Amino acid sequence: MAEKPETTLDRAQVKKAVQALQAFLKTKSSGEALLLDEKEPISLLFTFWKVPRSTQTIRIPLPHGQRTDTEEVCLFTKDEPKMTPEQSQRFYKKLLEERGVKNVSEIIPLTTLKKEYKPYEAKRRLLGNFDLFLSDDRIRRLLPSHIGKHFYERKKTPLSVNLQSKHLARDIQRVINGTSLTVTKKGCCCMARIAHSDMTADEVTENIEAAVQTVLAKLKTKGPIMKLIHLKSQTSVALPIYTSDLSHLGVLEDAKRKKAPIKKEEKKNKADNKKEKDVTLTTKQQEEEEEEIPQLVPIQTPNKKPKLEKPTRKKPMQKAAKPAAVKKVSKAQSKPTKKAGKMGQRGGRKGLKRK
């Protein structure tokens, strides 16, 4: 595996960018006269040389907490055996108080989440009421089907915590004060929140250095990684604090060139192997055909073939049709004979009477 090139930040340049951003935020807040005195988050925008091949979530511990004391934190817990949801809620509240955890403002057992927050509007209301969500690591895999996709779209994915840890207060404090960076396969840019507008310039600078070092150490990529790093807030422009050297372009081109001949050689080898296989198959087929051809033996056949007698079928007897001319003649002959007989009978009767 190729070693990752070092990404060194110029601390003076970073501090200048932080001071410029803070000055912009102060002028904006004084001009708008914010009634609630809300603190605007400050984020780092990372741009990589190439799109990552796999998704990854990087936990980033920060030396100075990037969340304010007014932010609401919700904790999803497991249902204790032989306890109702209300009893489980009281049990974990007591546990957090005994361990010295004071940042969690609401505890919701899993059964309560299933029943009370099943409707769509209830989930949206829960999402808007809290700034950060924590989850017992024993039920972390069960949450996606109950909280919905909006938690992930708004980047409020519940962060898992080991509630059975001996140093529970320290672990929860690290998760709340720290941040996370989600790297996806959809693009080469990603963003992480690292400070807020009420922090000093030195605190923001230290958080930036810690975040960059953690990302470079935990990112699963080969070769040159970081191309650009910008500092920005929700309403400001992106201020550049790091730009990669152009020497990385040569490294990337060399890597592509090395891969290209290897791929060509692989293709040629595959083609040669296919040709050899085809040649061997054809030779084998020819040998099999030569082996399978039998010797021809002459057979004496008679000159004339005996005629086969066809089976005769008996045709049904048909009545002979009388000619039409004969019928007419016979009718014509029969009519005068009848008349002659009648006339003879009449004449004979008359002759008898005369005598």
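This is a predicted model: local features need pLDDT of at least 70, side-chain atom pairs count only at pLDDT 80 or more; totals for chains, interfaces and linings use all residues.
The expected span of a helix is 1.5 Å times one less than its number of residues. Helix H8 covers residues 201–218, which makes 18 residues. From its first C-alpha to its last it reaches 26 Å, close to the 26 Å expected at 1.5 Å a residue. Several residues of H8 are buried, among them Ala 201, Val 204, Thr 205, Asn 207 and Ile 208. Further along H8, the buried residues include Ala 210, Ala 211, Val 212, Thr 214, Val 215 and Leu 216.

From the helix we turn to a strand.

Which strands does S1 pair with? One is strand S8, residues 189–196, which runs antiparallel to S1 and is joined to it by 7 bridges. Within this pairing, Leu 44 has Ala 192 of S8 as its bridge partner. Another is strand S9, residues 226–233, which also pairs with S1 in the antiparallel sense, over 7 bridges. Here Ile 42 stands opposite Ser 233.

Rolling a probe the size of a water molecule over the atoms shows where empty space is left.

Next come the aromatic rings. A search of the whole structure finds 4 aromatic pairs. In one of them, the rings of Phe 76 and Phe 133 have their centres 5.9 Å apart and their planes at 5 degrees, so this pair is stacked; planes under 30 degrees apart count as such. Phe 76 lies in strand S3 and Phe 133 in strand S5, residues 132–136, so the pair ties together parts that are 57 residues apart in sequence. Phe 76 is buried, at 1% relative accessibility, and Phe 133 is buried with a relative accessible area of 1%. Phe 133 also forms an edge-to-face pair with Phe 130, at 5.8 Å centre to centre and 65 degrees between the planes. Phe 130 has a relative accessible area of 10%, so it counts as buried. Ring pairs link Phe 76, Phe 130, Phe 133 and Phe 151 into a cluster.

The last stop is a loop. Is Lys 82 buried or exposed? Lys 82 is found between strand S3 (73–77) and helix H2 (85–99). Its relative accessibility is 87%, so Lys 82 counts as exposed, the cut-off being over 50%. Phi of Lys 82 is near 60 degrees, a positive value in a residue other than glycine.

Terms used: Residues are numbered from 1 along each chain as its sequence is written. Side-chain values use heavy atoms; hydrogens and water are left out. Helices (H or I, at least four residues) and strands (E, at least two) are DSSP runs, numbered from the N terminus. Buried means under 20% relative accessible area, exposed over 50%, partly exposed in between (1.4 Å probe, protein chains only). Two strands pair if DSSP finds at least two bridges between them. Rings of Phe, Tyr and Trp (its six-membered ring) pair if their centres lie within 6.5 Å; planes under 30 degrees apart count as stacked, over 60 as edge-to-face and the rest as tilted.
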